[in-house]
Amino acid sequence: MFTRYQLPFTVMKWFNAGFRMGWKHLLLIRDMNRCHRLSQEDEMRVQYKGNILTSKEKEQIWEILCECDQEFYPSLSARESSSQKQLKVDGTKEQALPHSYFKEMIAQEFLAALEGDRMVGFMTFKKDYLCEALEDFGTSLYITTVCVRKDCRGKGVMKELYSFMEREMPKKYQCPRISTRTWSLNEAQLHELDKRGYQRLAVLKNHRGNGVDTIYFGLVCDDQRVLE
């Protein structure tokens, strides 16, 4: 039992304790919401950049391109452009870094994969593209380069770039056809393109060297894919 003197003091203690617990609860909710906002900001997302890029974006693209340079066949530093016809490259003409490739590529259309303000990958493409190997396919949106930072691989970055490309760009440019090319030993890319329903349109035998073919792919995006 409480005396009449103890009761107000006890009630005040309970009130203060409850107030402190409630305040701590509010702080916890605030911190959880803050963490949620930060995690949302850090989640990987894809944005259409077009060919209007900031200096920081260009710097990050250059970093990623240099990191992926030697993984291409032939290397990007051995090429003059992203769509050159002759790919049997004389190794003596290879540059230390892919300056020529970058200069030609940077004027193309860009999709950027971002985590916060850090670019983790990109895809470039040309609109209204047509070449001899794609004559029967028709004018298309031609994907020239896909690069992902090494420390961000295995997170579905390439998949998200392709999904965004196939979903958004046909609507934007009123062109349902998407095309690209790769080399016959690029197993990861071949698997991804086959899985996504791209058709093999042309094979240029030994185009990049003995036993290394160039394969052209095409996809016609139907209404369902565009609406997803």
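1. Gln 174 is exposed in this predicted model, because its relative accessible area is 68%, above the 50% that marks an exposed residue. Gln 174 belongs to the loop that runs between α4 and β5. Its phi is near 50°, a positive value in a residue other than glycine, and the residue comes just after α4.

2. A second residue that is not a glycine, Asn 206, also has a positive phi, of about 55°. Asn 206 is placed in strand β6, which covers residues 199-209. With a relative accessible area of 31%, Asn 206 is partly exposed, since that value falls between the limits of 20% and 50%.

3. An α-helix has 3.6 residues a turn, so residues three or four places apart point the same way.

4. The largest pocket has a volume of about 590 Å³. Its lining consists of 31 residues, and those nearest its centre are Phe 72, Val 146, Met 158, Asn 186 and Gln 189. At least two lining residues come from each of β4 (140-148), α4, β5 (177-183) and α5 (187-195). Of the contributors, β4 gives the most, with seven residues.

5. The peptide bond between Tyr 73 and Pro 74 is cis, with omega at about -10°. Pro 74 is located in the loop between α2 (55-68) and α3 (99-105).

6. Thr 214 lies in strand β7, residues 212-220. Thr 214 is buried, because its relative accessible area is 0%, against a limit of 20% for burial. The side chain of Thr 214 makes a polar contact of 2.7 Å with the side chain of Arg 208. Beyond its neighbours within four places in sequence, Thr 214 is in contact with several residues, among them Leu 87, Arg 181, Thr 182, Ala 202, Val 203 and His 207.

Terms used. Residues are numbered from 1 along each chain as its sequence is written. This is a predicted model: local features need pLDDT of at least 70, side-chain atom pairs count only at pLDDT 80 or more; totals for chains, interfaces and linings use all residues. Side-chain values use heavy atoms; hydrogens and water are left out. Helices (H or I, at least four residues) and strands (E, at least two) are DSSP runs, numbered from the N terminus. Buried means under 20% relative accessible area, exposed over 50%, partly exposed in between (1.4 Å probe, protein chains only). A polar contact is a pair of N or O atoms within 3.5 Å; within protein, one must be able to donate a hydrogen and the other to accept it, and residues adjacent in sequence count only if both atoms are side-chain atoms. Contact means heavy atoms within 4.5 Å. On a 1 Å grid over the protein atoms alone, a cavity is a set of points where a 1.4 Å probe fits but cannot get out, and a pocket is an open set with protein on both sides within 12 Å along at least five of seven lines; lining residues have an atom within 4 Å of a point. Grid points are joined across faces, edges and corners, and a volume is the space filled by probe spheres set on the points.
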